[in-house]
Amino acid sequence: MDKFGRVHNYLRISLTDKCNLRCNYCMPQEDMQFMPSAWLMSAAEIRTLAGIFVDMGVQKIRLTGGEPLVRKDVGQIIESLGELPVSLTLTTNAVFVEQYMGTLKKAGVRSLNISLDTLQEERFKTITRRDHFKKTLDNIHLLLAEGFSVKLNMVVMRDLNVEEVNDFVELTRNQPNLHVRFIEFMPFNGNQWDFSRMVPYQTLLDTIGGQFEFEALAGEANDTARCFRIQDGQGTFGIISTITNHFCAGCNRIRITADGKLKNCLFDTTEVDLLKAMRQGEDVKPLIYSHFQAKHFAHGGHSDFTDKGAKAEYETNRSMIAIGG
């Protein structure tokens with residue numbers, strides 16, 4: 001429990017800062033320097049740290065990146081963490097999912113978050129700078145056919161894909177295991193964030209309401225998305241409004257970067273090096289507790305996104321891909 005009374009039981013572990021896609025809202029377009037392999041946590045170190053956090057009360061673990069499935073030992077990591085008494089899941093771009101279906105099932109993974117920002121093939125190439133559109137859709141359909149719950153994460157931007165919002169909502173009509181999540185564009189180092197490009201929570205609701213009748217769904221205290229269902233819809237859609245309608249009061253998330261740094265928040269620029277301490281034989285629990293007690297109430301203690309100078313302030317943080325989504 002932090003000093004604001006929030007219980008944190010959800011650990012997000014980044015496995016790598018590498019990715020097979022090149023989305024510019026996540027990765028700087030120029031001078032992207034990936035971490036040397038020696039800096040990254042090994043599979044055994046990930047398992048050890050995860051076990052420590054589970055002993056401290058963590059009940060859910062999400063594997064992130066970069067793209068977690070580009071790690072050669074990701075199958076070993078998934079199987080190892082699947083032995084822990086937690087709910088295990090991951091966020092992926094789905095390009096390599098079919099290679100790990102058996103591993104995911106064996107580890108008890110039943111839900112995945114898939115990053116997909118467009119349903120148009122040429123736009124997919126523009127956003128990702130790669131030609132994996134068909135593979136991505138095929139693997140999403142495969143996951144649904146295999147009974148997985150799939151959350152499609154769409155980062156919405158005015159000059160890029162906003163006109164596709166209702167196309168994504170329509171996908172939820174006949175798919176009970178499909179849950180679309182619209183994410184407000186967030187600022188990180190080198191991602192060309194601008195407040196004017198961001199599509200606010202209320203604008204998204206107004207856009208959806210222009211075509212669909214929908215109802216709000218009851219949520220949990222720790223939900224990041226405010227969720228809805230269209231009339232006669234089987235799946236759901238939700239909005240993750242980090243910028244205009246934040247959910248920090250219910251935060252229950254802790255983050256470890258691929259190089260073993262503990263971050264209290266996506267936007268907090270302060271970190272503590274758990275991996276270095278662990279490699280030196282230190283007990284990392286005191287480091288975790290002391291860093292955790294310094295957690296800010298919202299946005300890593302930074303100013304409001306709309307304040308003058310906020311862009312420069314947030315860009316002192318790592319890039320999104322170096323933090324872990």
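This is a predicted model: local features need pLDDT of at least 70, side-chain atom pairs count only at pLDDT 80 or more; totals for chains, interfaces and linings use all residues.

Aspartate 232 takes a positive phi near 70 degrees in the hairpin of strands E8 and E9, which has five residues between the strands. Residues are numbered from 1 along each chain as its sequence is written, and side-chain values use heavy atoms, without hydrogens and water.

E8 (residues 226-230) runs antiparallel to E9, joined by three bridges; strands pair if DSSP finds at least two bridges between them. Arginine 226 stands opposite isoleucine 239 in E9. Strand E6 (residues 178-184) pairs with E9 in the parallel sense over five bridges, and here isoleucine 239 is the bridge partner of phenylalanine 182. Five of the five residues of E9 (residues 236-240) are buried, that is, under 20% relative accessible area with a 1.4 Å probe, protein chains only.

Phe182 also belongs to the largest nonpolar core, where Ile61, Leu63 and Phe182 touch the most other members among 69 residues. Such a core is a set of buried Ala, Val, Leu, Ile, Met, Phe, Trp, Tyr and Cys residues joined through side-chain atoms within 4.5 Å. Helix H1 (residues 43-55) gives the most to this core, with seven residues.

Disulfides, pairs of cysteine sulfur atoms within 2.5 Å, number zero. For cysteine 248, the nearest cysteine sulfur, that of cysteine 265, is 6.3 Å away.

Technical notes
Buried means under 20% relative accessible area, exposed over 50%, partly exposed in between (1.4 Å probe, protein chains only). Helices (H or I, at least four residues) and strands (E, at least two) are DSSP runs, numbered from the N terminus.
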